[in-house]
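Welcome! Here is a short tour for anyone meeting this structure for the first time. Have a look at the sequence and the model, then read on.

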Amino acid sequence: MTSMQDRLLAVTDEIERLISARDAAMDADWPGAEGIRIVPGPDEYLFGEESAMLEVIEGKLPLPRILPPYETGLFATMNAPNPTVVNNAETLSHVAAILRHGADWFREVGTTEAPGTMVFTVVGDVDRPGVYELPLGTPARTLVVDLAGARDILAIYAGTSNSVITPDVLDLPLDFDSFAEAGTGLGSGGFAVYDTRRDIVQVCATLARFLAIESCGQCLACKLGTAEIFERLDALVRGEGTSADIAEIRRRTDTVTDQNRCYLPVGAALLVRSTVDAFAARFEAHVGHAGDPTVAVAVPKITDIDAGTVTLDATYSRKRSDWSHDPDE
């Protein structure tokens with residue numbers, strides 16, 4: 001495995017902006033500004049899990065804890081649990097704006113239950129991929145079709161931890177409660193869109209491999225289960241899978257979450273099971289029939305979005321389950 005320093009997330013522009021903002025606050029004599037630390041983290045999916053983030057701040061690997069931060073926080077001891085508040089950047093940006101303009105201003109857009117705006121990212125088979133800020137409650141169709149320019153939609157994924165979204169629910173309001181009631185989730189507002197040219201079994205296998213790779217291995221049901229789900233999906237893609245493989249994939253989605261520490265295996269179960277159920281005939285059609293490699297997709301792991309141009313991580317296909325990478329060919 002490479003060192004923590006070698007795997008630091010290469011987002012130098014963003015880190016430099018945070019450091020500059022902290023330094024500006026210090027120059028302006030903001031109380032407490034001198035105590036702000038900017039801690040870069042490793043390029044691992046689980047770095048986004050709140051307790052794993054605390055582990056990184058403490059100089060460790062991003063391995064989720066059993067107890068949440070509000071019970072056991074940063075640098076906790078037996079005598080001092082040090083409960084810690086964890087929020088994301090979007091939440092904190094809203095707090096600053098609300099303090100400046102007031103709550104009534106914030107509620108001028110959005111819905112009664114979900115006021116304000118949210119930042120959404122759309123990539124995949126769309127004409128205008130990018131980042132869009134919209135009022136919560138806006139129909140998903142407005143984002144995906146009208147703004148991003150999707151056509152002939154086959155499937156949409158809100159990140160890799162939610163049930164598949166099919167075209168029949170495109171008028172669903174973009175808010176957490178509406179998506180939950182529809183059996184999926186809004187996640188962090190990132191959407192990967194796939195059109196009817198794609199092979200949904202290949203799409204599912206690609207996303208399942210990502211989750212199998214990113215599982216940290218602390219929960220055997222997760223690490224072994226996500227790996228087996230991917231291997232059986234991959235067998236279907238190669239034309240070597242059977243109906244028994246499809247049945248076993250479904251069974252594994254029921255057990256992959258056993259004694260889970262974090263949400264990763266829950267997301268894997270939701271994503272895979274919903275896709276297999278929604279496109280059952282397409283999975284059965286893959287028994288004995290290999291997929292077309294010309295319609296294969298890459299893991300939608302974004303390294304940059306600039307003026308509608310999305311750059312994906314070209315090295316991800318070489319990432320291994322121990323979080324190291326195969327050497328360059």
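Let's begin with the sheet: four strands make up an open sheet, ordered E2-E1-E4-E3, and their pairing is mixed. Please keep in mind that this is a predicted model. From the sheet, the briefing moves to the cores, then to one helix, and ends with the salt bridges.

**The sheet and a helix across it**

- At the edges of the sheet are strand E2 (130–135) and E3, each of which pairs on one side only.
- From one strand to the next, the twist averages 30°.
- Strands of a sheet can pair in a parallel or an antiparallel way, through backbone hydrogen bonds.
- Strand E1 (residues 117–124) pairs with E4 in the parallel sense, over four bridges.
- Within E4, Val-193 is the residue that stands opposite Gly-124.
- Helix H5 (residues 140–147) lies across E1, E2, E3 and E4, and runs at about 145° to E2.

**The nonpolar cores**

- In soluble globular proteins, nonpolar side chains tend to be buried together.
- The largest nonpolar core here has 28 residues, and those touching the most other members are Tyr-157, Ile-200, Leu-233, Val-272 and Phe-283.
- Two or more residues of this core come from each of strand E3 (153–158), strand E4 (190–195), helix H7 (200–214), helix H8 (220–237), helix H9 (243–255) and helix H10 (264–278).
- H7 gives the most to this core, namely eight residues.
- Leaving aside residues up to four places away in sequence, Val-272 touches Cys-204, Ala-208, Ile-229, Ile-249 and Thr-253.
- There is also a second, separate core, with 24 residues that include Phe-120, Ala-148, Ala-150 and Ile-153.

**A closer look at helix H8**

- How far apart should the ends of H8 be? At 1.5 Å a residue, its 18 residues should span 26 Å, and the end C-alpha atoms are 25 Å apart, which agrees.
- Among the buried residues of H8 are Cys-222, Gly-225, Ile-229, Phe-230 and Leu-233, and the charged residues Lys-223 and Glu-228 are buried as well.
- Which helices do the buried residues of H8 pack against? They pack against H7, H9, H10 and helix H11 (280–285).
- Just after H8 comes Gly-239, which takes a positive phi of about 85°.

**Salt bridges**

- The count of salt bridges comes to 25.
- One of them joins Arg-65 and Glu-55, whose closest N and O atoms are 2.6 Å apart.
- This pair links distant parts of the chain, 10 residues apart: Glu-55 is in helix H2 (50–57), while Arg-65 is in the loop between H2 and helix H3 (89–101).
- Is Arg-65 buried or exposed? Arg-65 is buried, because its relative accessible area of 14% falls under the 20% cut-off.
- Glu-55 counts as buried too, at 13% relative accessibility.
- Arg-65 also forms a salt bridge with Glu-58, with the closest N and O atoms 2.9 Å apart.
- Glu-58 meets Lys-60 in a salt bridge as well, at 2.9 Å from N to O.
- Here Glu-58 is buried, with a relative accessible area of 18%, whereas Lys-60 counts as partly exposed at 38%.
- Elsewhere, a network of salt bridges links Glu-228, Arg-232, Asp-245, Glu-248, Arg-251 and Arg-252.

Methods: Residues are numbered from 1 along each chain as its sequence is written. This is a predicted model: local features need pLDDT of at least 70, side-chain atom pairs count only at pLDDT 80 or more; totals for chains, interfaces and linings use all residues. Side-chain values use heavy atoms; hydrogens and water are left out. A nonpolar core is a set of buried Ala, Val, Leu, Ile, Met, Phe, Trp, Tyr and Cys residues joined through side-chain atoms within 4.5 Å. Buried means under 20% relative accessible area, exposed over 50%, partly exposed in between (1.4 Å probe, protein chains only). Contact means heavy atoms within 4.5 Å. The expected span of a helix is 1.5 Å times one less than its number of residues. A salt bridge is a side-chain nitrogen of Lys or Arg within 4 Å of a carboxyl oxygen of Asp or Glu. Two strands pair if DSSP finds at least two bridges between them. Axes are lines fitted to C-alpha atoms, for helices over the stretch in contact, and angles run from 0 to 180 degrees between N-to-C directions.
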